[in-house]
Amino acid sequence: MSLITMLKPELVLAKQNIVSKKRALESIANAVSDRLHCDKNAIYSGLLSREKLGSTGIGEGIAIPHCRLESANHAAILIMSLESPIDFDSIDRKPVDLIFALIVPPNECDAHLSTLAQIAQLAQSPNGLNSLRETQTNESLFVAFEKLLQG
């Protein structure tokens, strides 16, 4: 599934004031629960369970928290930039300020892996990531992400 078709303006959140990994996961669950019509506690639990397997902080200030959720009727991606970087137990030990969260139903496993790969590929574009970091509003973050995806 293409990231550009999954991207919804209401799930793009710029310059969030979040102080910890736990709060970031809670914020993701709150935002995505309305969109997927799922219980926010189930989303939070899924994300937290995945983090316990190993951090989704992939380096370069990026985290990709994700989970499969039985009650999700379709996949959703949330993009969030943070006012201040937070510790996410990333593989490079650098704090995270860009979060790309992915929630998918279990029957979309192949799409899930493909989408994760597309997001991870974005880490190869320092200029693109800087354009996301420089945005100040949800709308400008949405537009910058669209441009980054279009190359």
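## L132 and its surroundings

Leaving aside neighbours within four places in sequence, L132 is in contact (heavy atoms within 4.5 Å) with L98, F100, L141, A144, F145 and L148. L132 has its place in helix α5, residues 126-134. Helices here are DSSP runs of H or I with at least four residues, strands are runs of E with at least two, and both are numbered from the N terminus. L132 counts as buried, because its relative accessibility is 0%. Buried means under 20% relative accessible area, exposed means over 50%, and partly exposed lies in between, with a 1.4 Å probe and protein chains only. The C-alpha atoms of L132 and F142 are 8.7 Å apart, and the two residues are separated by 10 residues along the chain.

The model is predicted: local features need pLDDT of at least 70, side-chain atom pairs count only at pLDDT 80 or more, and totals for chains, interfaces and linings use all residues. Residues are numbered from 1 along each chain as its sequence is written, and side-chain values use heavy atoms, with hydrogens and water left out.

## Helices α5 and α6

Two packed helices are described by the angle between their axes and the distance between the axes. For α5 and α6, the axes come within 8 Å and cross at roughly 170°. That makes α5 roughly antiparallel to α6. Axes are lines fitted to C-alpha atoms, for helices over the stretch in contact, and angles run from 0 to 180 degrees between N-to-C directions. Angles under 35 degrees count as roughly parallel, over 145 as roughly antiparallel, 65 to 115 as roughly perpendicular, and the rest as oblique.

From α5, the contact takes in G128, S131 and L132; from α6, it takes in L141, A144, F145 and L148. By class, this contact of α5 with α6 has 5 nonpolar, 2 polar and no charged residues. Ala, Val, Leu, Ile, Met, Phe, Trp, Tyr, Cys and Pro count as nonpolar; Asp, Glu, Lys and Arg count as charged; the others, Gly among them, count as polar.

## The aromatic pair

The structure holds 1 aromatic pair. The ring centres of F100 and F145 lie 5.7 Å apart with their planes at 35°, so the pair is tilted. F100 lies in strand β6 (residues 96-104) and F145 in helix α6 (residues 138-150), so the pair ties together parts 45 residues apart in sequence. Rings of Phe, Tyr and Trp (its six-membered ring) pair if their centres lie within 6.5 Å; planes under 30 degrees apart count as stacked, over 60 as edge-to-face and the rest as tilted.

F100 is buried, at 0% relative accessible area. F145 is buried, with a relative accessible area of 0%.

## Helices α2 and α3

Helix α2 (residues 21-36) packs on helix α3 (residues 40-53) at an angle of about 140°, with the axes 8 Å apart. That makes α2 oblique to α3. The contact is made by K21, K22, L25, E26, I28, A29, N30, V32 and S33 of α2, together with K40, I43, Y44, L47, L48 and E51 of α3. These residues divide into 8 nonpolar, 2 polar and 5 charged.

## Positive phi values

Most residues other than glycine have a negative phi, and most peptide bonds are trans. K15 is not a glycine, yet its phi is positive, at about 50°. K15 is found in strand β1, residues 12-16. K15 is partly exposed, with a relative accessible area of 21%.

H37 also has a positive phi, of about 55°, although it is not a glycine. H37 sits in the loop between α2 and α3. H37 is exposed, with a relative accessible area of 67%.
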